[in-house]
Amino acid sequence: MDSPPEIQAVYEAHDLTKVYHMGEVSVHALRGVDIHLYEKELIVLLGHSGSGKSTLLNILGGLDIPSSGEVFYRGNRMSDFSESELTRYRREHVGFVFQFYNLIPSLTARENVALVTEIANDPMKPEDALALVDLDERMDHFPSQMSGGEQQRVAIARAIAKQPDVLLCDEPTGALDLETGIMVLEAIDNVNRELGTTTAVITHNSVISDMAHRVIRLRDGQIESIVENEEVKPADQLNW
Amino acid sequence: MRALERKMIRDLLHMKGQAVAIASVIACGLAVFVGAQSTLWSLKSARDAYYERNRFSHVFSSLKRAPNPVAERALEIPGVRRVDDRIVKGVTLDVPGLTEPATAKLISYPDRGEPTLNEIHLLVGRHADPLRTGEVVAEEAFATEHGFRPGDTVDAVMNGRLQTLTIVGICLSPEYITTIQGGSLWPDDRRFAIFWMPRRQMEAAFEMEGAFNDLALSIVPGANEAEVVRRVDRLLAPYGGLGAIGRDLHLSHRFVSDELKQLQTMSVIPPSIFLGVAAFLLNVALRRLLTLQREQIAALKAFGYSSREISVHYVSLVGLIIAAGSLVGCLLGTWMGRSMTEMYAEFYRFPTTLFHVDYRVLFAGCALTFSAGCIGVLAAVRSAVRIQPAEAMRPEPPPNYEPSLIERLGWHRILPQAPRMILRELTRRPAKAIMTTLGIAFACAILIVGNFGKDAVDFLIDFQFGLQERQDASISFYEAVPARAISSMRHIEGIEAIESFRAVPARIRFSQFSRQTSLQGLGPKRELFRLLNTDGEEVDLPPDGLVLSAALARILHLEVGDRVRIEVLEGERVVREAPVVGLVDDFAGTSAYMDIRALNRLLREPPVISGAWISIREGAEESVFRELKETPVVAGVTLQRIAVEGFMDSFAENLLRMRLFNVTFACVIAIGVVYNSARVALSERGRELATLRVIGFTRGEVSTILLGELAFLTALAIPAGFAIGYGLCRFISTALETELYRIPLVLNPPTFAFAALVVVGATILSSLLVRRGIDHLDMVAVLKSRE
């Protein structure tokens, strides 16, 4: 795949495979994936459920290890990372947003964000991060007192508060209605534009792909196509 | 406060029920440990300090009579440090308000200054004046029993003359931390006194000028005690030495040492069980917590928390529970230790206030608790943080259900839906079911152990005084009298039956082993004093040869058929040989028995007796005792049964206190285990149960599924708990065995019933608590959250 020479690859992955053993069943989640992610770009990983997109994202984020193949983060081979280097990598460079938010139920919004800023190098203040996602009013609420969209925005605040190099979002709108989904996507879009954070968004909703620089389609654990968008739409102008 | 710490505190509050249950179990375990250990150390250090300060001697020997210079010669024995020669005499007392005669041991005390050994500790009053006749210092137990104060008097028959003794002081002695008479198993403070009298007065009263009849020695550290004993025996043999003994055979010392040994056992076994159960509970509860927080752990890892930080987080969570439990345990244990030490102070008299908390005990206890808890927890944490975060965020694969064995056998058709679900759950995770059952079983077992002591003591008393020693009193004579003397006693109004016996102090030797004991000659008709095996069977006494207490046979390493050497320690001090023809497997003591005629023959003496056992018609006690008091040959009357009853009254009270501790703690454990199991089951299966509610199951039906499992496991656990409890009691009874006592393994049905009842009660109580949780199952949340 060609790329403009002045832009450096944040991630380079070669021939990734992943096999899960769930109970008595073996699942081939990835079957030889090659992929590059570049500085400051926003990509959308598109595919049906079971296409391997979450697995790919988890491997890039250091949450999972491939069965075979190699991933480089800024030229460093990730399989060479020790357990503590992997932890530091996640702590300093990666922000995650999950489909089911994964907030700690016993902590308030502010505390959920603080959980991350307390261990990061150069974090924003939790309050600032929550303001970025328009939640400064609900900072002291517990997850159980917030709507799904609010919870997901807390999760985004939590992910960006550490000012990560990359933001990895796994179906961030999957559990949300349209309106809140748009709010969440706007938040992600803002982070990409204003902070220049390299962002990967997983979705099975092809509408969302209009906001990406590039769209990568996966099917059965393989890359089906990679499309570069001529025109990148802001999140609020997506055609639903 | 950091966010992670906040999370810990909120998690803790969320699981407060379980946290309280676990902390309580830990507190109980630690309390038993701290209580027993600090009592042990308090008693040990009090005893050692007392021995040191009052120069308790190491070797003791009685003799008939030796001139004073012989004592000087004892000093020349290598290893001997100090020697104290004394006059010790037994006298009969006429105590105001006591119909039966009492006996007293009179011990001489230097006219001036302190004795070189076995110094007394004066509590009130003063030392006796050597220039005044009849002044004595009395041991506290007897004085307290009769309310004697300095200035009170008591009449004594000394060397055949009646003399009034004036108590001028009350004291304690390291030789009599407990006042047990030779041949007795219980202290009888009402009828047995110890008096100290100035040497000069003793010499005059017993015609012992320039002589002594008792020798105490102390030895230098590292000296060979056995060798000293041998040499003392050789030195005193010409003077009627009765055989020297070391501290190990000294009655008071041995009693206290045995007690400490038992306490040592009790400070290890029950706390181990309690702490083991606590560690088990921690493990189960934490594993469950970690499973529930699987996704949270994964998220923390995704944000860049290291496995170590996450482990520290969960270990701290547990640490807080343990710390709370430990704090309560230490306080409770200290209180318990104080209470137990006070109880011991009633039986063992030390001059100083006993109880002190040894901080090393507290530290050791806490360290033990923390390691027990952390071992359990670390394994659970390690396996939880080891999973890749992405994997942890996926729901666990659906549990692998299979038709249970019973279903495969085709019996399920008779089972309704709920039991079938319970059965499948149990067969799917048998390890979990076994662990829960084991936890409840241990709680049940602890309850049995808690009541074991009472059952055993009740049995011993019944056996000893209902079956074996059925006399009302035993009479001892000053010296052996012709057997026909008994016939005059037979006519005393009120005596229903009488059986005579011959008893001689003897040392029995077999190869290199020897032991000093009382050789008892018993008559052919043995109804008042019977020779019984532990199973209550009468043991035959052949016309010739010895029957030994099985404990004595073990000490001497001999078997039936072996020939032993009998060195008689009185009179002519004859040495004889005799075969061992039988053993009696008894509960207490190390006696040797013979047919009375065979014993007379062996000693080559005419038919003589040393005393008699009598049974008295009810209501005639007073007149019989009055008559006996006036019979010249009678040296003393022992009412062992009455003594034991008195002893048991106070003992029972204390036993009750101990039981209260044990049983309360066992109840806490039982509830803790059952409640925790139920809570865990509820949180594990909350989704499933809520789903059942959604599809139309009633609360009652859902409760049946969850609590039915608990009921089933409890039903399994009770018999298992009986078996474990029985095993533990067997272990304890072996561990508590001393030379003086063997603790019978007796467990009465009420003990089992009580244990079962408490466990069932705990199950019902826990069920009610958990039932509330079932009533509040959030059906909507279940449907919304991800599968």
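This is a predicted model: local features need pLDDT of at least 70, side-chain atom pairs count only at pLDDT 80 or more; totals for chains, interfaces and linings use all residues.
**Helix α9, chain B**

I started with α9(B), which covers residues 294–302. I found 8 of its 9 residues buried, so the helix is largely enclosed by the rest of the structure. The buried ones are Arg294(B), Gln296(B), Ile297(B), Ala298(B), Ala299(B), Leu300(B), Lys301(B) and Ala302(B). I noted that Arg294(B) and Lys301(B) are on that buried list. After the helix comes Gly304(B), and its phi is positive, near 105 degrees.

**Helices α2 and α10, chain B**

Next I checked how α2(B), residues 16–53, sits against α10(B), residues 307–347. Their axes are 6 Å apart and meet at an angle of about 35 degrees. I have the crossing down as right-handed. Sorting the residues of this contact by class, I get 19 nonpolar and 11 polar, with no charged ones.

While in α10(B), I stopped at Thr334(B), which is part of that helix. Is Thr334(B) buried or exposed? Its relative accessibility is 19%, and the cut-off for buried is under 20%, so Thr334(B) counts as buried. Its side chain reaches back to the backbone oxygen of Cys330(B), at 2.5 Å. Setting aside neighbours within four places in sequence, I listed its contacts as Val34(B), Phe355(B), Val357(B) and Leu362(B).

**Helix α19, chain B**

Then I went to α19(B), residues 621–629, and asked which of its residues are buried. They are Val624(B), Phe625(B) and Leu628(B). Looking down the helix axis, I see these buried residues fall within an arc of 95 degrees, so they line one face of α19(B).

What do the buried residues of α19(B) pack against? My list has the strands β12 (473–482), β13 (495–510), β19 (608–616) and β20 (634–638), plus the helix α16 (485–490), in chain B.

**Asn118, chain B**

Asn118(B) was my next stop, in the loop between β4 (102–109) and β5 (121–125) of chain B. Although Asn118(B) is in a loop, I have it as buried, because its relative accessibility is 3%. Its side chain reaches the backbone nitrogen of Ser57(B) at 3.0 Å. Beyond residues up to four places away in sequence, Asn118(B) touches Asn54(B), Arg55(B), Phe56(B) and Ser57(B), along with Arg86(B), Pro174(B), Glu175(B) and Ala216(B).

I also looked up how far Asn118(B) is from Arg2(B). The two are 116 residues apart in sequence and 65 Å apart in space, going from C-alpha to C-alpha.

**Two loop residues, chain A**

Last, I turned to chain A for residues with a positive phi that are not glycine. Arg74(A) is one, with phi near 45 degrees. I placed Arg74(A) in the loop between β4 (68–73) and β5 (76–77) of chain A. Its relative accessibility is 27%, so I wrote Arg74(A) down as partly exposed.

Asn102(A) also has a positive phi, near 50 degrees, in a residue other than glycine. Where does Asn102(A) lie? It is in the loop between β6 (94–97) and α3 (109–117) of chain A. With a relative accessible area of 7%, Asn102(A) is buried, whereas Arg74(A) counts as partly exposed.

Note on methods: Residues are numbered from 1 along each chain as its sequence is written. Chains are lettered from A and ligands numbered from 1 in the order in which they are written. Side-chain values use heavy atoms; hydrogens and water are left out. Helices (H or I, at least four residues) and strands (E, at least two) are DSSP runs, numbered from the N terminus. Buried means under 20% relative accessible area, exposed over 50%, partly exposed in between (1.4 Å probe, protein chains only). Contact means heavy atoms within 4.5 Å. A polar contact is a pair of N or O atoms within 3.5 Å; within protein, one must be able to donate a hydrogen and the other to accept it, and residues adjacent in sequence count only if both atoms are side-chain atoms. The arc is that of the directions from the helix axis to the C-beta atoms. Axes are lines fitted to C-alpha atoms, for helices over the stretch in contact, and angles run from 0 to 180 degrees between N-to-C directions. A crossing is left-handed if the near helix is turned anticlockwise from the far one by less than a right angle, and right-handed if clockwise. Ala, Val, Leu, Ile, Met, Phe, Trp, Tyr, Cys and Pro count as nonpolar, Asp, Glu, Lys and Arg as charged, and the others, Gly among them, as polar.
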